[in-house]
Amino acid sequence: MVARGWREGLYARDMTDTDCLFCRIVAGEIPGDTVAETDTVLAFRDVSPKAPVHVLVIPKTHSPNVATLAASQPALLAEMAAVAQGVADAECGGEFRWIFNTGATAGQSVFHVHGHVIGGQDLGWSPA
Ligand code: AMP
């Protein structure tokens, strides 16, 4: 058995995974409530919001997690950050929490990197 970890994504860059929920949203096969978009990044509302503002920011190409993306395409991660800030500027006064659950034990359920933009209320600090 071959161990699978974040490095596998180094070989998955620029790919689309037909079994991936978020790749299917990018492709328009599953509807998404889009709030912002660039050539390379999509932002859409989380279907199960945890705060008044809860938007997912993803690269349009498949990468499994934030570490893989940062290692392989840092400029794309920077583009995601700019889009996240733009969403927060438009929806919650520019202040927000950006969460990347990384790995199943950390709560990651969709293995296409996504940053949760959370805001619109006083968030406090109780991450675990
Ligand atoms: P995570 O658990 O960090 O992998 O986050 C995955 C997020 O995707 C969860 O917050 C889900 O509510 C959200 N989600 C699942 N399916 C959809 C969908 N079809 N459209 C929008 N958000 C979704």
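1. Let's start at one end of the sheet: strand E4 (residues 97–99) runs antiparallel to E5, and three bridges join the two. Strands here are DSSP runs (E, at least two residues), numbered from the N terminus, and two of them pair if DSSP finds at least two bridges between them. Ile-99 has His-116 as its bridge partner in E5.

2. A quick word on the model, which is predicted: local features need pLDDT of at least 70, side-chain atom pairs count only at pLDDT 80 or more, and totals for chains, interfaces and linings use all residues. Numbering starts from 1 along each chain as its sequence is written.

3. Now the other neighbour of E5. Strand E3 (residues 53–59) pairs with E5 in the antiparallel sense too, over five bridges.

4. Why is E5 largely enclosed by the rest of the structure? Because five of the five residues in this strand (residues 115–119) are buried, meaning that 20 or more other C-beta atoms, placed from the backbone, lie within 10 Å of a residue's own. Gly-115, Val-117 and Gly-119 point one way, His-116 and Ile-118 the other. In a regular strand, side chains alternate between the two faces of the sheet.

5. Zooming out, the open sheet has five strands in the order E1-E2-E3-E5-E4, with antiparallel pairing. E1 (34–37) and E4 are the edge strands, each pairing on one side only.

6. Finally, the ligand: the residues surrounding it include Leu-56, Asp-46, Asn-101 and Gln-108.

Technical notes:
Near = placed C-beta within 6 Å. Buried ≥ 20, exposed ≤ 12 C-beta atoms within 10 Å, placed from the backbone. Helix = DSSP H or I, 4+ residues; strand = E, 2+ residues; numbered from the N terminus.
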